[in-house]
Amino acid sequence: MKRLFYMLFLLCACKGTQQVTSSSLKVKMQVRKEYDFEGGVHFSNRFPGARANDIRQVDDSTFKITILPENAPINPSPWYAFSVWTDRPGRIHLCLDYDKEQHRYDPKISNDGRQWIDTTQVRLSADSTKAWFTLLTSPDSLIVAAQEVIPSVAVYNWIDSLPNVQHETIGYSILHKPIVALHTTGSDGKKLIVVLSRQHPPEVTGYFAMQEFVRVVTANTPEAIRFRQQYEILIMPMLNPDGVDEGDWRHNLGGVDLNRDWDKFRQPETKAVKDYLEKTIAVQEAKVYFGLDFHSTYRDVFYINEDSVHTNRPGFTLQWLKEFQQAIPGFKARVKPSGNGGNVSKSWLSRELGAEALTYEVGDNTSRDQLKMKGRVAAEVMIRLLH
């Protein structure tokens with residue numbers, strides 16, 4: 001079973017890639033390997049989305065996994081993922097060592113890469129730079145990860161499964177993986193909605209909410225069909241496929257936070273999106289009315305632009321936030337305005353394209369049912385207000 005798992009993940013990793021020498025990159029690539037220890041304990045990081053920079057045996061049942069970022073300085077989002085199996089059923093103790101950074105994600109466990117469960121009884125060091133937990137192991141491989149592992153190929157497959165959209169490759173990452181844009185059909189193309197996700201690899205709760213948002217707006221419901229007759233929705237669900245597959249904490253393989261590159265556009269991923277949006281607007285003589293960039297953080301936050309006077313739909317963001325909050329009983333939105341002149345996506349969408357735009361940071365530990373509900377409500381409120 002474990003060998004089949006590796007084969008599938010290695011095939012996924014090769015899709016759409018080309019050889020790039022590590023000397024051309026501004027990040028430190030981790031070594032992909034299997035680790036075999038006394039007592040028949042085995043680990044591997046040889047699959048997309050994994051990150052385990054080193055694994056050492058401490059005693060007969062305790063193992064230290066070193067987790068380091070791709071480069072520094074960096075936002076403290078220590079991502080990790082690895083698989084483990086033992087020759088015989090047993091119990092092992094694991095220590096996640098982040099060096100100088102602090103623990104953020106309690107481990108999730110899966111035996112198939114699809115169904116995940118949370119572990120319990122994670123113990124932290126006094127400075128939170130180490131986390132200990134215990135696993136029951138067997139000859140069948142377990143995947144241990146900070147959040148669900150969703151490699152680029154899973155996103156590409158999801159794109160292929162969507163109804164009522166067309167998609168195209170608008171550019172390539174540093175490792176030559178496709179940057180894919182989807183768009184709906186049925187309207188005259190004059191009114192646009194922009195949806196972004198996965199600029200930061202570990203932020204899968206934002207990705208899940210984005211998926212549900214897209215499901216609602218592309219559905220065959222009367223409301224969605226009428227909306228698509230008025231608005232064309234442009235969706236870029238994964239801006240950082242290299243970082244996703246390399247298990248990066250935050251950056252692309254150029255060592256850059258892509259959501260700090262929306263002014264210079266020096267990275268191929270953000271430049272591809274910029275060129276695509278500007279070309280679409282010019283060719284279709286269109287305007288962007290709303291832009292929504294899905295991210296994740298410790299708990300829900302909405303980052304909005306301070307100036308919405310000169311947008312194509314003044315005041316829409318505040319109206320959307322008000323009704324989004326009212327639609328979820330007991331939910332209190334944390335709203336943080338910031339200037340339109342910044343280097344993040346929401347600022348550029350507003351400043352250059354005249355869009356009402358915001359960044360929706362979905363809480364790391366939000367239940368998966370709540371994630372779907374929030375993504376659904378976000379889409380339903382937008383449809384109702386813009387229809």
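Me: Where does Phe-265 lie?

Reply: Phe-265 is in the loop that runs between α5 (241-246) and α6 (268-284), where helices (H or I, at least four residues) and strands (E, at least two) are DSSP runs numbered from the N terminus. This is a predicted model, in which local features need pLDDT of at least 70 and side-chain atom pairs count only at pLDDT 80 or more, while totals for chains, interfaces and linings use all residues. Residues are numbered from 1 along each chain as its sequence is written, and side-chain values use heavy atoms, with hydrogens and water left out.

Me: What is the phi of Phe-265, and which peptide bond is cis?

Reply: Most residues other than glycine have a negative phi, and most peptide bonds are trans. Phe-265, although not a glycine, has a positive phi of about 55 degrees. The cis bond is the one from Ala-72 to Pro-73, with omega near 0 degrees, and Pro-73 belongs to the loop between β4 (62-66) and β5 (81-86).

Me: How do α7 and α9 pack?

Reply: Two packed helices are described by the angle between their axes and the distance between the axes. Helix α7 (residues 316-326) packs on helix α9 (residues 368-386) at about 130 degrees, with the axes 10 Å apart; axes are lines fitted to C-alpha atoms over the stretch in contact, and angles run from 0 to 180 degrees between N-to-C directions. That makes α7 oblique to α9 (under 35 degrees is roughly parallel, over 145 roughly antiparallel, 65 to 115 roughly perpendicular, and the rest oblique). Their contact (heavy atoms within 4.5 Å) includes Trp-320 and Phe-324 of α7 and Val-377 and Val-381 of α9.

Me: What is the angle between α4 and α9, and which residues make the contact?

Reply: Helix α4 (residues 222-230) packs against α9 at about 60 degrees, with their axes 10 Å apart, which means that α4 is also oblique to α9. Glu-223, Phe-227 and Gln-230 of α4 meet Met-382, Ile-383 and Leu-386 of α9.

Me: How many cavities of 30 Å³ or more does the structure hold?

Reply: It holds one cavity of 30 Å³ or more (on a 1 Å grid over the protein atoms alone, a set of points where a 1.4 Å probe fits but cannot get out). The largest cavity has about 50 Å³ of space, a volume being the space filled by probe spheres set on the points. Its lining (residues with an atom within 4 Å of a point) includes Trp-79, Arg-198 and Gly-243.

Definitions and conventions. On a 1 Å grid over the protein atoms alone, a cavity is a set of points where a 1.4 Å probe fits but cannot get out, and a pocket is an open set with protein on both sides within 12 Å along at least five of seven lines; lining residues have an atom within 4 Å of a point.
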